[in-house]
Amino acid sequence: MLNQIKDTSSITLFGICPSCGANTEFSLLGIQRWPERVAKKAGLPLEQSLWQCCNCDTTLMDASLGADIKPQSSES
Ligand SMILES: [Zn+2]
């Protein structure tokens, strides 16, 4: 799972960017962790993945990525 990630540079998602609309890759910038009471107050999950669009360099949170975004699979 995401909380076990050690090397984030090799992790990408593939899909439509909600910012630029391109069908592109997203690289994992890191995991953002909130203090529990901050997360509850804001209605946010305790941990969120931060992704960067490879096309427009926009940083996106998990919640910003649509359901169409999929982990890139190496299977043929
Ligand atoms: Zn983009």
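Reader: In which element of the chain is confidence lowest?
Author: In this predicted model, the mean confidence reaches its highest value, 93, in helix α1 (residues 36-42). The chain as a whole has a mean pLDDT of 83, and 80% of its residues reach 70 or more. At the other end of the range, with a mean of 72, stands strand β5.

Reader: Which pattern of strands and helices does the chain follow along the sequence?
Author: The secondary structure amounts to one helix and five strands. Read along the sequence, these elements give the pattern β-β-α-β-β-β.

Reader: In what order do the five strands stand in the sheet?
Author: Strand β1 (residues 12-16) pairs with β2 in the antiparallel sense over five bridges, while seven bridges join β2 (residues 23-33) to β3 (residues 47-53), again running antiparallel. The five strands form an open sheet, and their order is β4-β3-β2-β1-β5.

Reader: Which strands are the edge strands of this sheet?
Author: The sheet is open, with its five strands in the order β4-β3-β2-β1-β5. The strands that pair on one side only are the edge strands, namely β4 and β5 (70-71).

Reader: Which residue in β3 is the bridge partner of G30?
Author: Strands β2 and β3 run antiparallel, and several of their facing residues can be named. R33 has E47 as its bridge partner, and S27 stands opposite Q52. For G30, the bridge partner in β3 is L50.

Reader: Which residue in β2 is the bridge partner of T12?
Author: Strands β1 and β2 form a hairpin with six residues between them, and G21 in the turn has a positive phi of about 80 degrees. The two strands pair in the antiparallel sense over five bridges. Across this pairing, the bridge partner of T12 in β2 is S27.

Reader: Is Q52 buried, exposed or partly exposed?
Author: Q52 is found in strand β3, and, leaving aside residues up to four places away in sequence, it touches F26, S27, L29, D57 and T59. Its C-alpha atom is separated by 8.4 Å from that of E25, a residue 27 places apart along the chain. A residue counts as buried with 20 or more other C-beta atoms within 10 Å and as exposed with 12 or fewer. Because Q52 has 17 other C-beta atoms within 10 Å, this residue is partly exposed.

Reader: What value does phi of D57 take?
Author: The residue belongs to the hairpin of β3 and β4, strands in which W51 has L60 as its bridge partner. The phi of D57 is positive, in a residue other than glycine, and its value is near 65 degrees.

Reader: What share of the residues of the chain count as buried?
Author: Among contacts between residues at least 6 apart in sequence, 56% join residues at least 24 apart. Burial is counted separately, with 20 or more other C-beta atoms within 10 Å as the cut-off. Of the 76 residues of the chain, the share that count as buried is 8%.

Methods
Residues are numbered from 1 along each chain as its sequence is written. This is a predicted model: local features need pLDDT of at least 70, side-chain atom pairs count only at pLDDT 80 or more; totals for chains, interfaces and linings use all residues. Two strands pair if DSSP finds at least two bridges between them. Helices (H or I, at least four residues) and strands (E, at least two) are DSSP runs, numbered from the N terminus. Two residues are in contact if their C-beta atoms, placed from the backbone, lie within 7 Å. pLDDT is the predictor's confidence in each residue, from 0 to 100.
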